[in-house]
Amino acid sequence: MPDYDLVLRNGTIYDGNGSEPIDGSIGIRDGKIAAVGELHDVDDFTGQESIDCHGMAIAPGFIDMHSHSDWVLPQPDHGKTLAPLLEQGITTLVAGNCGCTPAPLTQLNERLVPRLGRLLHDETLDYRWRDMGEFLSHLECQGLALNCAQLVGHGSLRAAVKGIDSSPADEQELAAMSDLARQALDQGAIGISTGLGYAPGIFADQRELIAVTAPLAERGGIYTSHARSYVALTTGRDDSADPSNVSALDETAAVFRAHGVKVQHSHLIFVGDTTWPTTDRALEHFESLIDEGVDIACDAFPYVGGNTTLIVFLPAWALANPRAAIQDPVKRDKLATSLQRMQHLFGMRWEDTQILWVPDSRYRSYEGQTIADIAKERGTDPTQTYLDLVAELGSETRIINWNYSGRDDEETSLRKVLLHSHTCFETDTILTGNGFDNPASYGTFPRLLGRYVRELGLLTLPEAIRRMTGYSAERMQLHDRGRIAEGLAADVVVFDPETIGDNTTRSAPNLAPSGIQSVIINGTPVVRGGKADPTLRAGAVLRP
Ligand SMILES: [Zn+2]
């Protein structure tokens, strides 16, 4: 006589492998999937909880392949802040992306890393950890609202050895970074991330990337990279050479070539109108790497907007001290000229850059406004306004750019990326509970299933689910989840395929999605009737 803690009765089950669905039920016991299929005796059960899934799709919990919430998870009340993730069906976060992670901390980076991390969270953190092992133990002891698979950031590793020093690493420094990376992997990190567009990751050359990622070859684990370029820069290159966003794929592939490990090209976006036409060329190059045997995939969010930092437009030389550079008249002129050139070169407009959050509450009214809006209000030139804002609002100010892989309803590049069989899905949001939101925090997975599967027919439902679950778990080597099968962790989403969808808009980005009925993490229902219980701590740290 089977004995389950929870039964999901009579739904349509998608296994996460891309197979056609089967009708049936799922029995859950001790946090694991105990039985799948036609459970004839489920109607006889008394005592255990059951959820009626008639007319519903039952799928593995969605895996957010690119999260920055490792800066929010240490906060005791993070369940409330991260509830929008649960309510869109996410059960696992792959956190620690783009090179910036809260661990490890050393004497050299203990002040710098928290400062860099301020971009990704607003509350003061209680730094009770030094290394990755202590960080993950802290999360475990405190309890997690959802599962977390943690990467260690190269930016934090570099800062641990060199501080903010922009010079190339010498042999000794490379060895020290590599030792710290190995230690983090031994202590539970699932891989190494880089942020090659941000300081201090931007200071690293390829030699450094190969050296730091060497422990992946011994210990296993994935390399994820916020690449050097997402714009099609061709200046200074001969005409036949690939634009910078295309050759950036080679830098990601170089880590596979050196160590034979899985590599993930983070958030494959095409920034600005003049970069969009390189989409086919980039995807062909991506394809040729796969054909050659490079174990590479990418990830994407289903919006033409993406969040980042206000200082993202500044050249590397100004990043060490942006305010000082802007206040120096000669340097300011140089910055203005290069910004204007960049806007023209990449087809970007100040209308596309919307302020999400400002650290100083005196400027709160700017949240939700574009740089162009503010320039108009002030009666100043938009480029000069941008420079003024960097100096006034500070480096931690968050923005969203609405020209990534398209603009408004023009989303040709975005759709081509979403369609690719090696694309995983992600939110890539900075969800802190403050400021203006990135709609991806609320609607990513429902939008994929509603807009791109049901409405546009771009993907089949089994294939979309595979990429949200089984394929993503395989990439991150999370072997005990991502699929519906006996013995695996009971991370499950129950949704209505007829109504699932994103309700957000650019001006109302924080609206809950439609169609998510239940979300179960490690056997515990954390979302019922579409509403999350923010007090539950059903998640776990997923160690390699
Ligand atoms: Zn990134």
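Predicted model: local features only at pLDDT ≥ 70, side-chain atom pairs only at ≥ 80, totals over all residues.
User: Which residues make the contact between helix 14 and helix 15?

Analyst: Helix 14 brings Ile371, Ala372, Ile374, Ala375 and Arg378, while helix 15 brings Pro382, Thr385, Tyr386 and Leu389. Sorted by class, this contact has 7 nonpolar, 1 polar and 1 charged residues.

User: What makes Ser405 count as buried?

Analyst: Good one to check by counting! A residue is buried if 20 or more other C-beta atoms lie within 10 Å of its own. Ser405 has 30 C-beta neighbours inside 10 Å, so Ser405 counts as buried.

User: Where does Ser405 lie, and which residues is Ser405 in contact with, leaving aside its neighbours within four places in sequence?

Analyst: You will find Ser405 in the loop between strand 15 (398–401) and helix 16 (412–419). Its contacts, apart from those sequence neighbours, are Ile269, Phe270, Trp276, Val304, Glu411, Ser413, Leu414 and Val417. As for Arg111, Ser405 is 294 residues away from it in sequence and 36 Å away in space, C-alpha to C-alpha.

User: Why is strand 6 described as largely enclosed by the rest of the structure?

Analyst: Because 6 of the 6 residues of strand 6 are buried.

User: What makes strand 6 and strand 16 edge strands in the sheet of 8 strands?

Analyst: Start with the order, 6-7-8-9-10-11-12-16, in an open sheet with parallel pairing. Strand 6 (62–67) and strand 16 (423–425) each have a single partner strand, so one side of each is left without a neighbour in the sheet. On average, neighbouring strands here are turned by 30° against each other, direction ignored.

User: How do you know that strand 6 and strand 7 pair?

Analyst: Pairing needs at least two bridges. Strand 6 and strand 7 (residues 90–95) have 4 bridges in the parallel sense, so they pair. Phe62 stands opposite Ile90 in strand 7. Strand 10 (residues 222–226) and strand 11 (residues 263–265) also pass the test, with 3 parallel bridges, and there Ser225 stands opposite His265.

User: What makes strand 13 and strand 14 the edge strands of the sheet of 3 strands?

Analyst: This open sheet has the order 13-15-14 and antiparallel pairing. Strand 13 (306–309) and strand 14 (353–357) each pair on one side only. Between strand 13 and strand 15 there are 4 bridges, and Asn307 stands opposite Ile400 in strand 15.

User: How many residues of domain 1 are in contact with domain 2, and which strand supplies the largest share?

Analyst: Domain 1 puts 12 residues in contact with 11 residues of domain 2. Strand 17 (492–495), strand 18 (516–521) and strand 19 (524–528) each supply at least two residues of that side of domain 1, and the largest share, 3 residues, comes from strand 18. By class, this side of domain 1 has 8 nonpolar, 2 polar and 2 charged residues. The centres of domain 1 and domain 2, taken over C-alpha atoms, are 32 Å apart.

Terms used: Residues numbered from 1 in each chain as written. Contact = placed C-beta atoms within 7 Å. Nonpolar A, V, L, I, M, F, W, Y, C, P; charged D, E, K, R; others polar. Domains from an automatic or database assignment. Axes fitted to C-alpha atoms, helices over the stretch in contact; angles between N-to-C directions. Buried ≥ 20, exposed ≤ 12 C-beta atoms within 10 Å, placed from the backbone.
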